[in-house]
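Please look through the following model with me before you read my remarks.

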Amino acid sequence: MRSAERQFLIMALSPALAPVFLMTIYPVATAFYYSLIAYDITRPIGAFVGLKNYAAALNSPGLYQSIMATIVFVVAVLPIIVILALATGWILTRNFRGVQLVRVIFFIPWGIPYIVSGGNWKWVWDGSYGVINAILLQLGIITSYQAWLSDPNAAMFAVILGHIWYELPFAAMLIVAGIGSVPQELLEAATIDGAKAFTVFRRVILTWLRPIFQIVFIYETLNAIKVFDIVMGITKGGPFESTNMISYDVYRVTFLFTDFGAGSALSVILVAISLVLIVLYLRLIKVPKLR
Amino acid sequence: MTTVKENRSSEASSGVSRRKAIYIIGGAAVAAAVAGGAYLSMQQPPAPPSQTTAVQTATEMTTAPPTGPVDQLQFTIWSWAVDFQQYSVAEYNKKMKAINSPVNVTMLDIPQEVYRESLIARFGAGTPTDVFYNDDGTVSEFYAAGWLGTWEDYHPEVRDYLPDILDPVKPAIMAPPLQESTLWETGKKMLTIPYYSNYKAVFYNKQILEKAQIDAPPNTWDEWLDQALKIKQKGLCEYPINIILAVWQFWESLDNFVFANKDGKFFDKDLNPIFLSESSAVYRTLKWWIDGIYKYKVIDPTIVNMDDTAGDLGFANGKWAYMLDAQYSHPLLNDPGFSPIAKEYPGYCGMMRNPSGSGDVHTGACWIRPYGLSTVATKGTKEHMDNVWNFTNYEGGRVNDRYEADIKNGKLITAVRWMQLKGIPTAYKSLYSEPEVQAAFAKAHVDPDLFMEQYLDSKLKDGMLTPWWGKWSGVYGIGPARSALEAVILNRKSIMDGLNDIASLWQNLKASYGY
């Protein structure tokens, strides 16, 4: 390539790539840089420590606990979101009276700021006024109000439920779009060939939806791994760190303990875990070529 | 029409393949990242600060940001009573306009639960800030980081406020803001002036006590437990005692119990933990709480997540007979518009002296919220600093009719407004003789003598005035020490295990700061 051509290429692409450098490359590079130094923002010494922040993070019992909490969370939310999204997506593509209204109502949670929905869920689970307590008491399941958010299992359940409630509409919307894009002639051909409704669903629609599932899986896995707002809103990582997911732990280490070096190391570890999972998904879910 | 094949051949002929283009762009990205990293590394100071100069470091790390125009002031608060502060700032701006002053204040509010972390990010990034709400739990940390200026260095007359300020809260507004100990010299200057100050109060529901045929509120923990059991047995409350522990009140509530004991402290004069024995005040407090929750079932088991909103609402509706809360809730609890009980029984909510755990000690916990002077502001011109000084005095001190600082003859305009409109007390003794404040007390059924007696018999949180307090406690958030103690309160960890954990954390942090 001639020098002039190279210059032209860089000039032509730079308006589009500048934001990428500024908003992605630079922050990631900065986080990586900080992960290699001792950097407490309240007394920033800034000495190069190599991989010590990583070693400290990997050896800390806190990281193990937060990874375990994150695994429990991801494993719990992912299949539920996918299955419910498929079911609701299917229902929302049917033609019945009021389907438009149902769609609007169904998508409301997605329109609420996540941190706000976290605050609302905290009140739902409140030990003194929570609606969950009120319902269970009315049904005779409990005899007095319970401090749900003081119990590690119930707190985790509350966070899982809040996340599913928030994430389900978007996943379902993708499924709705996917089902809507199935070619009519494919469905007709399958019916003419004698396929029953379930077979059409399984063989045609689910096959057609595979790329959509790939997106849903990757998107929802990443969202689950980096869950923050709902944890902040409901439990703040408690009780005693039982819902301290890894992304919330990054926040705690970075801003609560003001250790930007260790926080950056944790962020890089989080990105690495996410990348491994993405690659894994891309390899596992092979998209067939439909003819 | 151009085909894909043609496009490919065109690329090949020009020598600009897609792969090569990606290499070029990727190379540029890496170069930019490396250059950015190198630039950042040049910003780092070469050597760690010595112990004596630790207070300078964080500010030196960041490039001094430009301050705003001299007449534009930036005021940062946490999101509480934002409507009040909007009104207050609007009044100030209106006055400035009326006297043809170009000064204008803009206000930013940040949720209280993330206030410390947001300010750390703000100061770390060098964002222009002039005046900010400061918590007594962050004073020492921000001062040590070099983010907090000392007003006495710029306006020595600020010291004239000192005789009027209540003694218990003074340590948090003096520089250096460090706990009195043998570790630090204490030649103190006045750091700033207060936004408000208050203490923990134990409220009781007179109606419930009357129904239980209890003549007077308890004087000791033993009497408190007996009364609570009696109320529970009569079926008047499921859990007679409520303690507000969530959000910012965790340490205040814990200290309030600890202080009500002979030798009620966490640390000795060298800031070493003294709570690792079953006879310590901290151990006894946790034991009393745990027995109250699980053995006697007289303390509400939801206290770890109990914030003042839920607490005030429940108490105002007769859910508990006793509640440890911020004293400033007293007017609200006795407000007939808030409490249905207050409609039928005016003044049903009484306040008692803090019950004693041992040694007939009734000391409680207090706090102060000072206005922080940002060191970013101190880099501005003298005119800018004068504007910041006047505004700070308008918000927290005495000003004349032009809203200029006037410590000798001015009025506590905003402090009186806080008291009248929100029931928020301040640290100025003289305020309590103002007729408006006395009228506000009478309306809220607050006993002024008892109010002051408990106030003067209170202390700031033990260990709070250390630079590592935020990392240990979490301030408003759930720091590692708080997390360990929550596990104890929730009966998931033994008291001694929890105390060992927090002692070890404390000593490690203390050592990491070179003390």
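1. What does the accessible surface of chain A come to, and what share of it belongs to carbon and sulfur atoms? The accessible surface is about 15100 Å², and 71% of it belongs to carbon and sulfur atoms; such areas come from the Shrake-Rupley method with a 1.4 Å probe, and for residues only the protein chains shown count as cover.

2. This is a predicted model, in which local features need pLDDT of at least 70 and side-chain atom pairs count only at pLDDT 80 or more, while totals for chains, interfaces and linings use all residues. Residues are numbered from 1 along each chain as its sequence is written, chains are lettered from A and ligands numbered from 1 in the order in which they are written, and side-chain values use heavy atoms, leaving out hydrogens and water.

3. Chain A has 13 helices and zero strands, where helices (H or I, at least four residues) and strands (E, at least two) are DSSP runs numbered from the N terminus. Its C-alpha trace spans about 80 × 70 × 30 Å along the principal axes.

4. Of the 291 residues in chain A, 46% are buried, a word that means under 20% relative accessible area, with exposed meaning over 50% and partly exposed in between (1.4 Å probe, protein chains only). Among contacts (heavy atoms within 4.5 Å) with a separation of 6 or more in chain A, 67% come from residues 24 or more positions apart.

5. Val75(A) belongs to helix H3 (residues 61-92) of chain A, and Val75(A) counts as exposed because its relative accessibility is 57%.
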